[in-house]
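Please keep the sequence and the structure in view while reading.

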Amino acid sequence: MRTRTLAAAAVVTGASAAAYARWVKPWQERWGATDEEIALPLPGDELLREPASQVTRAVTIDASREEVWPWIVQMGADRGGFYTYDLLENLFGLGIHSADKIVDRWQDLRVGDVVHADPAGTAGWYVVDLRPNEALVLQVGDLAAGRPLRRDEKLRWEFQWTFAVRDAPGGTRLLVRERVAFERTITRMLMAPVGLVSFVMTRGMLLGIRSRAEGGDG
C-alpha cells in the first residue's frame, strides 16, 4: 500500500512539474507582453554577455511616460519601495513600505548609485544605465566590492533588471525585463524556484505602478 501511495505521489508530482513547464512557466515569463515586445532590444541588453536567459513582462498604463517615470526612478527599499506586495516582503523582515506619492528627494538617481533591496543597505542593484523617461537598467550588486556581481565569482550568477517605458495607444507601455546568467548548473537549479516568486512580485509591481500613475498620486 505504501509503495502504491509513493508511486502515485511521484506520478502526480511529475505530471504537475510537466504541466508547469509546458503551460504555466511560458505564460508567467511573458505575462502581459506581446511577441514584438519580447523580441524588442532594450537598453542594457548588451551589458549582460551571453548566454543569458530573458524574461519580459508588461502592462499598459493610462498615463504619459513623464507621469510613469517618477514612480520608477524612486524605487528602493529605503526610498519609495517596490509597489508590490509589502505584506509578503515584510514576512521576511524587510520592513519595506511602498510610497503612494512622488517624493522630490527620491528623484535624483544616477548611474553608479545603488537601489537598495533592504532598508539596512546590505543588498541591492547598481544603476548601470539611466535614460530619463525611457529606461532604467539595474544589475545585482556586490556592495562590498562596489560593483555589479560577476558570474565567475561567489554565487556564480549575474542578474539584470530593466524598466522601460514606451509610448502606446492609450498611454504608456511599461516593460520589465529580467536577464540572468549562471556559471554553474547547480546554481541554476538552486535558483529555479525564484522564478515563480519573481513573477508574483513583478506582476504586483507592474499593477502597483499602474494604479499609482493612473490615480494621479503625487
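Arg 177 has its place in strand 7, where strands are DSSP runs of E of at least two residues and helices are runs of H or I of at least four, both numbered from the N terminus. The model is a predicted one, in which local features need pLDDT of at least 70 and side-chain atom pairs count only at pLDDT 80 or more, while totals for chains, interfaces and linings use all residues. Residues are numbered from 1 along each chain as its sequence is written, and side-chain values use heavy atoms, with hydrogens and water left out.

Arg 177 counts as buried because its relative accessibility is 0%; buried means under 20% relative accessible area, exposed over 50%, and partly exposed in between, with a 1.4 Å probe and protein chains only. Its side chain makes a polar contact with the side chain of Thr 56 at 2.9 Å. A polar atom of the Arg 177 side chain also lies 3.3 Å from the backbone oxygen of Ile 38. A polar contact is a pair of N or O atoms within 3.5 Å; within protein, one must be able to donate a hydrogen and the other to accept it, and residues adjacent in sequence count only if both atoms are side-chain atoms.

Residues touched by Arg 177, beyond four places in sequence, include Leu 40, Asp 45 and Trp 161, contact meaning heavy atoms within 4.5 Å. Leu 40 lies in the loop between helix 2 (35–39) and strand 1 (53–61). At 31% relative accessibility, Leu 40 counts as partly exposed.

Trp 161 is buried, with a relative accessible area of 9%. The structure holds 7 aromatic pairs; rings of Phe, Tyr and Trp (its six-membered ring) pair if their centres lie within 6.5 Å, and planes under 30 degrees apart count as stacked, over 60 as edge-to-face and the rest as tilted. Phe 159 and Trp 161 have ring centres 6.3 Å apart and planes at 55°, so this pair is tilted.

Trp 161 is also among the residues that touch the most other members of the largest nonpolar core, which has 36 residues. Such a core is a set of buried Ala, Val, Leu, Ile, Met, Phe, Trp, Tyr and Cys residues joined through side-chain atoms within 4.5 Å. A second, separate core of 6 residues includes Ala 33, Ala 58, Ala 164 and Leu 175.
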